[in-house]
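User: I'm new to this and would like to learn how to read a structure. Could you walk me through it?

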Amino acid sequence: MEQKTYKKVVLAYSGGLDTSVIIPWLKEHYKCEVIAVAADVGQGSELDGLREKAIKTGASKIYIEDLTEAFVDEFIVPTLKAGAVYEGKYLLGTSFARPIIAKRLVEIAKKEGADAIAHGCTGKGNDQVRFELTIKAFAPNMDIIAPWRFWELNSREKEIAYAEQHDIPLKISRETNYSKDKNLWHLSHEGLDLEDPANEPDYDKILEMGVSPEKAPDTPTYVTISFEKGVPVAVDGQKMTATEIVKKLNDLGGKNGIGIVDMVENRLVGMKSRGVYETPGGTILYAAHQSLEEITLDKETQHYKMQMAIKFSEIVYNGQWYTPLREAMSAFVDKTQETVTGDVKLKLYKGNIINAGMTSPHSLYSEEIATFGEDHVYDQADSAGFINLFGLPIKVKALLDEKKIK
């Protein structure tokens, strides 16, 4: 089969091992111009020196796009409001960062007149799906190049060797070659000793956003988070943007050993994968938001929303952000959040998040009704009739069973 040719390729560029190697590899194999696009979603120092590195390794130009505010407001906050947690543990840090990056890739590819978009995702991972579904949503006829599916550099060791041969500077070595993904929300770790679920992670070696619970302070930290319609708006009474709040809580959570998750998850592509995630601020926000919903949502809405959160997490994990279903589900979530306003006080202590009080002008909790003391608003005699009707199917079945025994 004859190899397709391209004149200009836009590459999703992070400066990590895969994308550093892909720039010269694309030029060698397609004789094309390569335009690198790096998205700033809060990964901090990882962007240092990226412009010089991209040009040095063969890119004709590089875009470094600051998407942090949009990432928080348009992806993190809607997912937080939905209460979506993948398989009960994963707060979707990598998952919802991919659609916003891929959408920007398409916008730049159209602006530059590129005839293909390339990415460094492996054929075993979820990110290839997340990138490509978004590309299909905004540029359905755009060619996509995914070298990991067919190139000769089919291991990270071979990539490192290729980089060394082409004088490509790397921040990793064969010994520190964890596969990581970092943004404002989280940091993930995969590979090396973590590939065996029997191995306990060496947290002293891998943690970057905080400390292990054992090394957290011996005194608790109290923090109060304020929400308006499900959106975090203040910490300890100080108004902040959602982005500033995530940064603030990352600091507090990291210092107190909050948000460390070690899990074996079910990837979209069919295999199980073990990873360690650090999500200190996000874990605090989820806990606070869930607590506030406990007093502001009625039972039926709360329970139905909890069921829907599972599906919402799968949609985000599977890269289906730009779909009618996700948009419809977000519309439902927004309706539920109209009363999720109030303050939640939490105690952070050695990896634990402990409720320390919450208030809301829309609270459905009535101390007068719930009290164990004397009250004049709840007639306890009503419960007998309720139980008789609620238990009627059980009684009828038991009566039938008695007849069968006789």
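Here is a chat about the domains, the interface between them and some backbone angles.

Analyst: Happy to. Keep in mind that this is a predicted model.

User: How is the protein chain divided into domains?

Analyst: There's domain 1, covering 8-166, and domain 2, which is made of 179-296 + 339-359. Their centres, taken over C-alpha atoms, are 25 Å apart. As for the contact, domain 1 puts in 33 residues and domain 2 puts in 33 residues.

User: How much area do domain 1 and domain 2 bury between them?

Analyst: About 2700 Å² is buried between domain 1 and domain 2, and carbon and sulfur atoms account for 61% of that.

User: What about charges and polar groups? How many salt bridges cross the interface of domain 1 and domain 2?

Analyst: The general idea is to look for a side-chain nitrogen of Lys or Arg within 4 Å of a carboxyl oxygen of Asp or Glu. Across this interface, that rule turns up one salt bridge. Elsewhere on the polar side of things, 15 residue pairs are in polar contact between domain 1 and domain 2.

User: Which helices each supply at least two residues of the side of domain 1 that touches domain 2?

Analyst: Those are α3 (68-82), α4 (97-112) and α5 (127-138). The largest share comes from α3, with 10 residues. Sorted by type, the residues on that side of domain 1 are 14 nonpolar, 10 polar and nine charged.

User: Can you show me a salt bridge by name? Which side chain does Asp-181 meet in a salt bridge?

Analyst: Asp-181 pairs with Arg-98, and the N to O distance is 2.9 Å.

User: Now the backbone. What should I expect for phi?

Analyst: Most residues other than glycine have a negative phi.

User: Where is Lys-31 found, and is Lys-31 buried or exposed?

Analyst: Look in the loop between α1 (17-30) and β2 (33-40). The relative accessible area of Lys-31 is 69%, so Lys-31 is exposed, given that the cut-off for exposed is over 50%.

User: And what is the phi of Asp-236?

Analyst: Asp-236 is a residue other than glycine with a positive phi, near 50 degrees. The loop holding Asp-236 runs between β9 (231-235) and β10 (238-239).

User: How exposed is Asp-236?

Analyst: Asp-236 has a relative accessible area of 47%, so Asp-236 is partly exposed. Partly exposed is the range between buried, under 20%, and exposed, over 50%.

How values were computed:
Residues are numbered from 1 along each chain as its sequence is written. This is a predicted model: local features need pLDDT of at least 70, side-chain atom pairs count only at pLDDT 80 or more; totals for chains, interfaces and linings use all residues. Side-chain values use heavy atoms; hydrogens and water are left out. Domain bounds come from an automatic or database domain assignment. Contact means heavy atoms within 4.5 Å. Buried area is the accessible area (1.4 Å probe) that two parts lose on being put together, summed over both. A polar contact is a pair of N or O atoms within 3.5 Å; within protein, one must be able to donate a hydrogen and the other to accept it, and residues adjacent in sequence count only if both atoms are side-chain atoms. Helices (H or I, at least four residues) and strands (E, at least two) are DSSP runs, numbered from the N terminus. Ala, Val, Leu, Ile, Met, Phe, Trp, Tyr, Cys and Pro count as nonpolar, Asp, Glu, Lys and Arg as charged, and the others, Gly among them, as polar. Buried means under 20% relative accessible area, exposed over 50%, partly exposed in between (1.4 Å probe, protein chains only).
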